[in-house]
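Reader: I'm new to this one. Can you walk me through it?
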Amino acid sequence: VIELAFPAMGTRVRLLAAPGAPLLAAQGLIEELEARLTRFDPGSELCRLNADPREEVPASPLLREAVRAALAGAHATGGLADPTLLGAVVRAGYARSLVGRPRAALREALAAAPGPRPASPHPAAAWRHVYVDDVAGTIARPPGIALDLGGSAKGFAADRAAALLAPYGPCAADLGGDLCVHGEHDVLVLDPLTGDSTDTLTLHNGGVATSGIDRRIWWGPKGEPAHHLLDPLTGRPAWTGVLTATALAPTAALAEALAKAAVLAGPERGRAILDRHGGVLFTTDTFVAA
Amino acid sequence: MTTRRPSPGWVFGGSLGAFFATFAALAFGAADDAPVAAKPRPVVVRRVITTVVVHNARPVRRVPVSRDVSPPAPTPAPLTTQSS
């Protein structure tokens, strides 16, 4: 097994593959995806799409595929993993990258957070009005709808990178805990409070992803705790009683959507979401393996 | 005034007696000292503090050791999943 590790998409990337696999090509693909899909660079293709006043905008195949993956995640979760909440997440204080910025202590933030309440999809479901047209090579959306692929891009990139490495043998593409593997691999699930491994998931040709409120968490201007997983209904950080959710799925992109939805849905519905393919749910007082 | 000189026997005998008396005193005195145990001496431990001054030395260039066989590839760290 050979390994290549590098920073990208605001996290650490690890690529493991058989000797002879095109690790550098996979790295190049991930870096191109980051350049196209980031919302922190006004020159990225995603930012230009969001700023374009036209209803239908030409888009590269990579952007079209990434948007399609995000829409599939929204569909699979009934709109809980909603890629159209860019304005709300900026208003919540996540206007620029959190890399290098101080993080709120999780226990203190939880103590100051409102009582747990499950999140809900927005009834308007703006994501249903976003269309990807591969024949015309365009993306269409109503004026004012801005896309945020931060919740889906890492899983999508893991799937694409692993597909590039798979013809050479067993491989894994790990983007900060969102993984796609080919062959059989053990993946350790880490406790969000202690960092200790609590469970081992054995994957065979599939994806696993973890979403949670433990990493991208900060104090708002009024001293209120905030994080990046928003309730689509209210547009505010969702405090549901779930700290992190780890989801298994056939692809990392779907696993990422399911994991995010499980956090937003709260302990009861979150467990039902993870029951589809399996996973691990950490709540504020215990954890449940599904 | 008449001076009587002691006879040589008395002088010799007196000297001999004084010799034996001194000899006996010395012999018994040494015998009395022998059984007395020596007083323990206090042990003084002195700690020697050595101050080492480290100068900023230039890094030593390590010459790679040639190997006949390449080292085994390191085992990758386990895969983990956590929110990021």
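Author: We'll take a helix pair, then a sheet. Keep in mind that this is a predicted model.

Reader: Okay, helices. How do the axes of H6 and H7 of chain A cross?

Author: Helix H6 of chain A covers residues 153–165, and helix H7 of chain A covers residues 252–274. Their axes come within 7 Å and cross at roughly 160°. Angles over 145 degrees count as roughly antiparallel. H6(A) and H7(A) are therefore roughly antiparallel to each other.

Reader: And which hand is the crossing, left or right?

Author: Right-handed, as H6(A) passes H7(A).

Reader: Which residues meet there?

Author: From H6(A): A:Ala153, A:Lys154, A:Gly155, A:Phe156, A:Ala158 and A:Asp159. They meet A:Ala252, A:Ala253 and A:Glu256 in H7(A). By type, the contact has 5 nonpolar, 1 polar and 3 charged residues.

Reader: Switching to the sheet. What's the strand order?

Author: S3-S5-S4, in chain A. The 3 strands form an open sheet with antiparallel pairing.

Reader: Which strands stand at the edges?

Author: S3 (56–58) and S4 (131–133) of chain A. Each has a single partner strand, so one side of each is left without a neighbour in the sheet. Neighbouring strands are turned by 20° against each other on average, direction ignored.

Reader: How many bridges join S3(A) to S5?

Author: 3 bridges, and S5 of chain A spans residues 138–140. A:Val57 stands opposite A:Ile139 in S5(A).

Reader: Which strands does helix H3 lie across?

Author: H3 of chain A, residues 61–76, lies across S4 and S5 of chain A. H3 runs at about 145° to S4(A).

Definitions and conventions:
Residues are numbered from 1 along each chain as its sequence is written. Chains are lettered from A and ligands numbered from 1 in the order in which they are written. This is a predicted model: local features need pLDDT of at least 70, side-chain atom pairs count only at pLDDT 80 or more; totals for chains, interfaces and linings use all residues. Side-chain values use heavy atoms; hydrogens and water are left out. Axes are lines fitted to C-alpha atoms, for helices over the stretch in contact, and angles run from 0 to 180 degrees between N-to-C directions. Helices (H or I, at least four residues) and strands (E, at least two) are DSSP runs, numbered from the N terminus. Angles under 35 degrees count as roughly parallel, over 145 as roughly antiparallel, 65 to 115 as roughly perpendicular and the rest as oblique. A crossing is left-handed if the near helix is turned anticlockwise from the far one by less than a right angle, and right-handed if clockwise. Contact means heavy atoms within 4.5 Å. Ala, Val, Leu, Ile, Met, Phe, Trp, Tyr, Cys and Pro count as nonpolar, Asp, Glu, Lys and Arg as charged, and the others, Gly among them, as polar. Two strands pair if DSSP finds at least two bridges between them.
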